[in-house]
Amino acid sequence: MKNILVTCALPYSNGPIHLGHILEHVQADVWVRYQKLLGNNVYFLCSDDSHGTAILLKSRELNINPKKMISKLYLEHKQQFLNFNISHDFYCTTHNKYNYLFSLYYIKKISVLGLLKKKNIYQFYDKYHNIFLSDRFVIGKCPLCLSNRQYGDSCNVCGNIYNVLDLINPISILSKKKPFLKNSEHLFLNINFFRKKIISWVHNSLLQNEVKNQLLMWLNKNINDWNISRDVPYFGFKIPNIYIKSKYFYVWLDALLSYISNFKYFCEINNLFLFNDFWNINSKYELYHFIGKDILYFHGLLWPSILDSMNFRKPSGLIVHGHLKINSNKMSKSNNNFITSKKWLKYLDSDSLRYFLVSKLSNHINDIDLCMDEFLNKINSDIVNKYINIISRISVFIDNYFNSCLSNNLYDFKFYKYFVNKSILISNMFLNFDYSGALIKICDFCDLVNSYINDKKPWLMDIKSIKLHEFCSTIINIFIVISVYLSPVLPDLSSKIEKYLNIKLTWKCLNKPILGHKLNKYKKLFFRIDSLLIKKIYN
RNA sequence: GGCUAUAUAGCUUAAUAGGUAAAGCACAGCAUUCAUAACGCUGAAGAUAUAGGUUCAAUUCCUAUUAUAGCUACCA
């Protein structure tokens, strides 16, 4: 039995959960559910990322206390993930005592190692809002291609990056006025110190090839010192004055540290003595982080360095996915295709989205396109026409002629066994993150069964005959096997199937066929999606 | 600008060590009635972004170009 700790990237506490979040959590959830199905011991943790300038500004905009805002969003986020059956064992926010204590512990460690340096830097300052402006809060004319309204760090038009101080006619996006330059002393982390150790971690952990290449590219040159402090006003943890005066921890530090502190918190609440087993430097237990391709820099460079400095173990692997697009466009409010999880559930169900996303996920970091027409076709043809159709066409006989009871023998044990024997193939595909490939195989199974039924023509067999009874029981047993394979993907449908069949869908179901067993009367298990609902999503 | 990826039928994706490019959806015909106009069988059509190179042989390896995505810390 394996012991595994799994995390997702932390949703930010300044807005609702959207389908992009759901993509990542579904990818992790399916993997976690498969591990559990196979009997491994998995803890699945996540948290809201509740610090940073953007949260402070959002709370000012809404005119409420940032603490109030993040706790309100926390409850909302947690509920949304529950609605999509994401099986987190623990979900909290980064704004908690444990995380603060680990932040203190961390800065002490890097300070003792002599890796902190103070440097004076110049930044734009908005005197109307009394706040230092990060590059993203300043817009102006690109110094290279002269395009208007570009961000302080890079130009969307020519793609160049530059120093914010070179921007022509800079304007603060907060006050819409010209900011002025102000200097401030900051703490910088010498991350280069860890370079060799990180390189060795990259070579020895489970990473996709493209991820490995990207990390080694960054690691092949010197990495600049990392500014880990932020000026007031800020919403986060304050750095003790012995290190620097009036500064806060950069949000990414405590966000990453929360992977550790949340587990500590979780263990304390549940009286588990597992913390050292999972985090000690020689831990044999496994640790995986599911993240989007945009935050690889932090998880592939900063995070291993943090763990190294604290003398904790490093991740066994990172699972990096691409971004979610809607109808081939980036999901954004300006594209008018920003879909929150709440809105989705108003018109459509969780399982169908889970199924669609899983059918698109592989071990590559390609973007995933949620094309709504394709979604409709896929759900109706895969789930209804292929998979559910099997039970729908056989249950009629069982209910009408055999009092909803399975026979004592099978009509075709060999055929049944064929599907059971695929269990290792299917589970390995899921465990290796080849979700789309696994679903293709499962659809092939359904095609095979439907074709078999056509071939054997049960409607021509004598009603109430043993032959028909055993035939139907064979098909239902195969349906059970396929349902076990799909259960991590479709939790809602699976629990309906469990109720109907009077069984629990577990890996043990594959040991031997279920015989002489009483089922419930069949009722429709899954409904076709109406194209009208798809249109409503956009209104 | 630099780096790392990606580019295959109308759409979405396969192709495990260079060796006849495969499947689902959509489309057409036939058959069938147990099934949510579902299922089955047959068929047609049609694709390796562009230009070169290496090779007996390239979707696969190399180079360039084009397009797309992410990164290029101090947004998260």
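Author: Let's start with the handedness: in this predicted model, helices α1 and α14 cross in a left-handed way. The contact itself draws on Val-30, Trp-31 and Tyr-34 from α1, and α14 answers with Ser-427, Phe-430 and Leu-431.

Now the geometry. Helix α1 covers residues 19–37 and helix α14 covers residues 423–431; their axes come within 9 Å, with a crossing angle of roughly 140 degrees. Angles over 145 would count as roughly antiparallel and 65 to 115 as roughly perpendicular, so α1 ends up oblique to α14.

As for the setting, chain A holds 18 helices and 17 strands. Its C-alpha trace spans about 90 × 50 × 40 Å along the principal axes, and 42% of the 539 residues count as buried. Looking at contacts in chain A between residues at least 6 apart in sequence, 74% join residues at least 24 apart.

Then there's the RNA. Around RNA strand B sit 58 residues, of which Ser-134, Asn-213, Asn-224, Asn-385 and Arg-393 come nearest. Helix α12 gives the largest share of that surface, 10 residues. Among the other elements supplying at least two residues each are α2 (53–62), α6 (209–219), α7 (251–270) and α15 (435–456), along with the strand β10 (226–227).

Key: Residues numbered from 1 in each chain as written. Chains lettered and ligands numbered in written order. Predicted model: local features only at pLDDT ≥ 70, side-chain atom pairs only at ≥ 80, totals over all residues. Axes fitted to C-alpha atoms, helices over the stretch in contact; angles between N-to-C directions. Helix = DSSP H or I, 4+ residues; strand = E, 2+ residues; numbered from the N terminus. Parallel < 35°, antiparallel > 145°, perpendicular 65-115°, else oblique. Left-handed = near helix turned anticlockwise from the far one by under 90°. Contact = placed C-beta atoms within 7 Å. Buried ≥ 20, exposed ≤ 12 C-beta atoms within 10 Å, placed from the backbone. Near = placed C-beta within 6 Å.
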